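Try each task yourself before you read its solution.

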Amino acid sequence: MKIMVAIKRVVDYAVKIRVKPDKSGVETKNVKMSMNPFCEIALEEALRVRESGLASEVVAVSIGPVQFTETLRTGLAMGADRAIHVEAPENIYPLTIAKILKALVDVEKPGLLFLGKQAIDNDQNQTGQMVAGLLKWPQGTFASKVVLDKEKQATVDREVDGGIETLCLDLPAVITTDLRLNQPRYATLPNIMKAKSKPIKKFTLQDLNVEIKSDLEVVEVTEPPKRKSGVILSSVDELIDKLKNEARVI
Amino acid sequence: LSTLVLAEHEGGLIKNSSLSAVEAAKSLGGDNSISLLLAGSGHSLKEAAEHAASSHPSVSQVLIADSDKFTYPLAEPWAKLVHLVQQSGGYSHIIAASGSFGKNVLPRAAALLDISPITDVTKISGSNLFIRPIYAGNALSTVRYTGSSPCMLSIRATSFPVASETADLKSNAVSIDQVDLSTLDEDESVAKSTYVKLSAQISERPDLGNARIVVTGGRGVKSAENFKMIDKLAEKIGAAVGATRAAVDAGLVPNDLQVGQTGKIVAPELYMAFGVSGAIQHIAGMRDSKVIVAVNKDADAPIFQVADYGLVGDLFDVIPELLEKLPEKK
């Protein structure tokens, strides 16, 4: 079985972002970019399945401008066998991304598609669900545990509002990964060197016959309202007094 | 305008977050007929449908999908259901609350309808103009939907509180109609996922998403044993218990208590954080609370930047003192 993993390049999670003065978006120039943390977890899980012998190949896919190939190199250094880069503008919406992924699934025919549950830039949490719908595959979103068996099924623990929900999915399936699924590995220096010679295949949107659907328009991006600064109190008594008589919440 | 609200129910009652979705539907514009869509099977669905019909004065129709395929809220049949109902109903908007159900179902349904959904909306500024947080709430994005109908949204329940006059239920009967499910199986994915179980923590305390007071413990609490102090305090003041990702990852508490960018979003009247450093991903989940109290040994902890009342001190001294001096819940 082949596993496909979708990977997004985002502003590194440790960077404190700045809204552009013209309100057109968030500053991404001269800012450290990294693989989306949820995508790292998705890739790690795919690698573990391959290492357990239940998959033969892991293909990493990324959709975006040419810099996205750097992120794919990171994925190859972590252990992906090969990569696919689909050249596309930045900031296309999940519906188009899902259509591109479906087109690649039609080419590659993987038995599993792993994605991060959301990207930490736009926090949309849509793409996995959408591609599963387009493919008519079952979906296991927000996975915190994945167990595959040879009967061509995946048992997935999902983090839901009321606790942990367990589903059984017939393969092929789409699985989106939550934070507690695993701890991604670091790429070692020898593997980073090896990754340089691994193949990255290029596709264009025309190759895949996908058109960008633009049914959304970002009007502006602004900073959230600041909370007015609070006070540091000196004792529990003072705190209880404030809560009772000033804030009136207890 | 006509809006379809995807509703969740439990124990024969519509969930509060789904009523928040009705509130959101109301704010889309004046002349809006709102239909609630429920799915399930048998008696509990029937009970929930009756509750739905009198749950909110703005609801004008209740649609029910009764099938054993809906005994559990699986995304595959639900997405197809939304597709079917949209084809016959031609709604201008479809809304769900962005809990784990809405996050799971709405985008899949949107893909079947070839629509770009707008998820986690915190403000509705017009029938096609919405505000949603990005970058863990460190920026707000205003988006306009310019595509064809339906416009599909998931809304953050804490941003659309249910108005209290909702209690004055109107007496006129709202019609309860069955959805024709004869073509549900056309989507071959419907039979490909099976529900196994839900491992839930049974708790007497208020639900984290709707509680008036939330008491949260962070990594500073150090152990599951120590976390019982947080529980005790919550019990005394009638609060729900929350936790940071660090506390969940360290195994102090189960994941469903996590507050933050990838956990639950809360906005209670009072949020009390103990031993919480204040990572941006955590702040994203609680910044809209009305009053924030932070107790931390480290005077430089970022949590103090968002706290209305800060106390620099050891939580192991402060919590016992609070337990002794705070009044019992009313």
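Predicted model: local features only at pLDDT ≥ 70, side-chain atom pairs only at ≥ 80, totals over all residues.

**Exercise 1. The surface of chain A**

**Exercise 2. The build of chain A**

Describe the secondary structure, the extent and the contacts of chain A.

*Solution.* Step one is to list the elements: chain A has seven helices and 13 strands. Step two is the extent: along the principal axes, the C-alpha atoms fill a box of roughly 65 × 45 × 40 Å. Step three asks how much is covered: of the 250 residues in chain A, 56% are buried. Step four turns to contacts between residues at least 6 apart in sequence: 70% of them join residues at least 24 apart. Finally, take the charges: the mean positions of the 36 positive and 34 negative charges of chain A lie 3 Å apart.

**Exercise 3. An annotated stretch**

Which residues of chain A does the UniProt domain annotation cover, and how much helix and strand do they hold?

*Solution.* First, read the record: an unreviewed UniProt entry places "domain: Electron transfer flavoprotein alpha/beta-subunit N-terminal" on residues 23–212 of chain A. Then look at the model over residues 23–212: the chain is 32% helix and 31% strand there. The end C-alpha atoms of this stretch are 24 Å apart.

**Exercise 4. A leucine in a loop**

Decide whether B:Leu208 is buried or exposed, and list what it touches.

*Solution.* Locate the residue first: B:Leu208 sits in the loop between strand S13 (193–200) and strand S14 (213–217) of chain B. Now use the cut-off: B:Leu208 has a relative accessible area of 6%, so it is buried, because buried means under 20%. Then check its contacts, leaving out residues up to four places away in sequence: among them are B:Val214, B:Ala240, B:Val241, B:Leu257, B:Val259 and B:Val266. B:Leu208 also touches B:Gly242, B:Asp256 and B:Lys264.

**Exercise 5. Cysteines**

How many disulfides does the whole structure contain, and are A:Cys39 and A:Cys168 buried or exposed?

*Solution.* Recall the idea: a disulfide is a covalent bond between the sulfur atoms of two cysteines. A search over all chains finds zero disulfides. Then turn to accessibility: A:Cys39 is at 5%, so it counts as buried. A:Cys168, at 12%, is buried too.

**Exercise 6. Backbone details**

Find where the cis peptide bonds named below lie, then look at two residues with positive phi.

*Solution.* Begin in chain A: the bond from A:Leu171 to A:Pro172 is cis, with omega near 0°, and A:Pro172 is in the loop between strand S9 (163–170) and strand S10 (173–177). In chain B, a cis bond joins B:Ser149 and B:Pro150, and B:Pro150 is in the loop between strand S10 (139–145) and strand S11 (151–155).

Now for phi. A:Asn91 has a value near 60°, lies in the loop between strand S5 (82–87) and helix H3 (94–108), and is exposed at 62% relative accessible area. B:Lys222 has phi near 75°, lies between S14 and helix H5 (224–237) of chain B, and is exposed at 56%.

How values were computed. Residues numbered from 1 in each chain as written. Chains lettered and ligands numbered in written order. Heavy atoms only, no water. Helix = DSSP H or I, 4+ residues; strand = E, 2+ residues; numbered from the N terminus. Buried < 20%, exposed > 50% of the residue type's maximum accessible area, 1.4 Å probe, protein only. Contact = heavy atoms within 4.5 Å. Lys, Arg positive; Asp, Glu negative; His and termini not counted. Charge placed at Lys NZ, Arg CZ, Asp CG, Glu CD. UniProt positions renumbered as here; feature names shortened; annotations may be inferred. Disulfide = S-S within 2.5 Å.
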